[in-house]
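Let's take a friendly walk through this protein together. Have the sequence and the 3D view ready, and follow along one part at a time.

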Amino acid sequence: MAIEAARLSLSPSLAAAAAFRRRGPPPLVHPLRRALPLLLPRHRRRLHTLLAAAAAAGGDGGAVALSSSELRKRRGASSSSSSTDREDERLRSLRRLFARPDVAVDAYIVPSQDAHQSEFIAECFMRRAYLTGFTGSAGTAVVTKDKAALWTDGRYFLQAEKELSHDWTLMRSGNNGVPTTSEWLNEVLPSGCRVGIDPFLFSFDAADELKDAISEKNHELVLIKDLNLVDEIWGESRPEPPKEQTRVHGIKCAGVDVPSKLSFVRSQLAENGCNAVVISLLDEVAWLLNMRGSDVPNSPVFYSYLIVEDTAATLFVDNNKVSEDVLEHLEKAGVKLKPYEAILSDVERLAENGAKLWLDSSSINAAIVNVFRSSCDRYGKKRGKAGRQFGKESFSGEQATRSSGVQNGTLNALYKVSPVTLAKAVKNKAEIEGMKSSHLRDAAALAEFWCWLEGEVSESAPLTEVQVAEKLLEFRQKQDGFIDTSFDTISGYGANGAIIHYRPTPESCSSVGSDNLFLLDSGAQYIDGTTDITRTVHFGEPSPRQKECFTRVLQGHIALDQAVFPERTPGFVLDVLARSSLWKIGLDYRHGTGHGVGAALNVHEGPQSISYRYGNLTALQKGMIVSNEPGYYEDNLFGIRIENLLLVKEVNLPNSFGGISYLGFEKLTFVPIQSKLIDLALLSPSEINWINEYHEEVWEKVSPLLSGHSLDWLWKNTRPL
């Protein structure tokens, strides 16, 4: 699934620094506890149920993404009202809140993320989608007293154009001349205004950079801790909280037990002179504790925080989600349970005890960091201590130098990437075996599906993009260990394929036929692995233009697949390999070439990526998994993307210059690439050999899992060119 190499962010520098970091109901008694996501809702539904009900909830391959019409239904809007009136009323209601004494702002920023900076979010966190009507996974809305603007990246330009009302200005992030959110605020607001945010929804880094950027025009960043303004206008129509139980992710799939993982984290604490670390990313909590959940669409995670101390570990989660077997699993590992909303009081406790706290400021929300800082202030004054040192400047404006802190009981913090991030990205032997096994089962399901679809189209059977996605789900559900989709299927025929993260809805989808290209980007969550694959096909006769574009995308795919590179090479160095064939005729695509993938976890995983954005310096390492997905899109005509998942491996070479190791890729995805779309005249002999060898491997690995017509289909589609 195509993804930007860096999150849509508040400034280019933050986008580079935070590349691929993933990021309630009415107010609670304690204002700082109001936005804790455990208390905030979502309804978990399986994709097939949603589609069958013609109310598909889900995403565009990122956060949950609904059509504008579906969102309006869920908002309870009157069918007699025009969409423009509803959009106007939401903005009017939000702006009325600006004047409240406990708010008092001139502008308000609404990001896409939840309090854990998640890419996939529960339905109740779809504040930006609720406010704007734009349902893509990435975007930031900014509302002033007389203006409203929405920033999103190139994957969603066409979608945003369709979904936004005239009240909103679309800011095409990354295009020349398009300002960042902070630049725009500095331009449209008079000097000395107040810009409000919910500190639970911004990482500390993002909030800190925003504060600095708008201070250039003497604007003040206001952390509105006691309420979220969108929640206020959403009211009682917000969905209910997620209530599904968690489960143990068995050692056969996890590969390493929880005590060993906790021991590793504690060794990192000791090495860095820290007493505790706060883990806030949901997939990091799930990986570290060998647990899985279903609070978030398409991702087997659950709303929680984890604090690991040098002698203890505490999971902050809704106790109702913890079954007896999960409780036993945690107790054996020495992990205690506390209510989800107790995270802030425990951070205060650590400050009171003088703990040196490890905080990943690129992902942990600003509310938690500020609680720790204010607690350090309070308890430091009680002790008569002075000279506290922090890694950043506080929002109150007090100066501090970046430091890992001082010892002798002085309250301090270390700001550093989570110790779990890289450990999770480098897969162990069991995780790799699970990924390989799940990909073969997934390949069998896809072979059966393509065999069926080809037959239906040849008989001119009426099929919509939604029906195609439904049928694909049926084939996957037959496979052992299937749990869910890993994102909502991108099923785009013709012009819809040019919408990079298109998602069909029953109300507006197209029929799949034989006159244009059909792009299908899909994936699954299995008990032992996560898949993500894209294929583009034509059931009739492709045009020369389509064949040339497809072939050049394929050449880029092959070039990246065959890459050999020295260890410590960051992914952006390889990105040119996937684009150069397109560049030769002046073409390109507006998304990253590759993203990391979790093992039975998030389909988008950091810190590694392959992208034209050079800010992510994370080196590719043996055991990492990345996607290989170049593409090309002609607006309002067609889209092309070819995607496999790759395992980074060490390669044996006759030389070892500098005494270093060299790395390459091993394919995990085994589904035929349609030969009809290939212009052989453009290919070199080595590229033709790659295609033939790949198809031979597909046949050898997948044919034992098939029979009947699907086996015949696989045979015909893996013959040498």
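Over which residues does the pLDDT stay under 50?

## How confident is the model?

The stretch is residues 5–84, where pLDDT stays under 50. The model still has 290 contacts beyond four places in sequence for these residues. Keep in mind that this is a predicted model, and that pLDDT is the predictor's confidence in each residue.

For the protein as a whole, the mean pLDDT is 86, and 84% of the residues reach 70 or more.

## A sheet from S1 to S6

Now look for an open sheet of six strands, in the order S4-S3-S2-S1-S5-S6, with mixed pairing. Strand S4 (169–172) and strand S6 (220–223) are the edge strands, each pairing on one side only. From one strand to the next, the twist averages 25 degrees.

Zoom in on strand S2 (residues 140–144) and strand S3 (residues 148–152), which pair in the antiparallel sense over four bridges. Thr140 has Trp151 in S3 as its bridge partner. Helix H7 (residues 181–188) packs on this sheet and touches S1, S2, S3, S4 and S5, with its direction at about 10 degrees to that of S2. Helix H8 (residues 204–214) packs on the sheet too, touching S1, S5 and S6, and its direction makes about 145 degrees with that of S6.

## Two helices side by side

The axes of H7 and H8 come within 9 Å and cross at roughly 30 degrees. Angles under 35 degrees count as roughly parallel, so H7 is roughly parallel to H8.

Which residues make the contact between H7 and H8? Ser182, Leu185 and Asn186 come from H7, while Leu210, Ala213 and Ile214 come from H8. By class, these residues are four nonpolar, two polar and no charged.

## A sheet from S8 to S14

Another open sheet has six strands in the order S12-S11-S10-S8-S13-S14, again with mixed pairing. Strand S12 (335–338) and strand S14 (412–415) each have a single partner strand, so one side of each is left without a neighbour in the sheet. Neighbouring strands here are turned by 20 degrees against each other on average, direction ignored.

Strand S10 (residues 305–309) and strand S11 (residues 313–316) pair in the antiparallel sense over four bridges, and Leu306 stands opposite Leu315 in S11. Helix H11 (residues 258–271) lies across S8, S10, S11, S12 and S13, running at about 65 degrees to S10. Helix H14 (residues 343–352) packs on the sheet and touches S8, S10, S11, S12 and S13, with its direction at about 20 degrees to that of S10.

## A perpendicular pair

The axes of helix H17 (residues 429–458) and helix H22 (residues 708–716) come within 9 Å and cross at roughly 90 degrees. Angles of 65 to 115 degrees count as roughly perpendicular, so that is how H17 and H22 stand to each other. In H17, Ala447, Glu448, Trp450, Cys451 and Glu454 meet His709, Ser710 and Trp713 of H22. This contact has four nonpolar, two polar and two charged residues.

## Two backbone details

Most residues other than glycine have a negative phi, and most peptide bonds are trans. Asn218, in the loop between H8 and S6, has a positive phi near 65 degrees. Gly606 and Pro607 are joined by a cis peptide bond, with omega about 5 degrees, and Pro607 lies in strand S23 (residues 605–610).

Technical notes:
Residues numbered from 1 in each chain as written. Predicted model: local features only at pLDDT ≥ 70, side-chain atom pairs only at ≥ 80, totals over all residues. Heavy atoms only, no water. Axes fitted to C-alpha atoms, helices over the stretch in contact; angles between N-to-C directions. Parallel < 35°, antiparallel > 145°, perpendicular 65-115°, else oblique. Contact = heavy atoms within 4.5 Å. Nonpolar A, V, L, I, M, F, W, Y, C, P; charged D, E, K, R; others polar. Pairing = 2+ DSSP bridges. pLDDT = per-residue confidence, 0-100.
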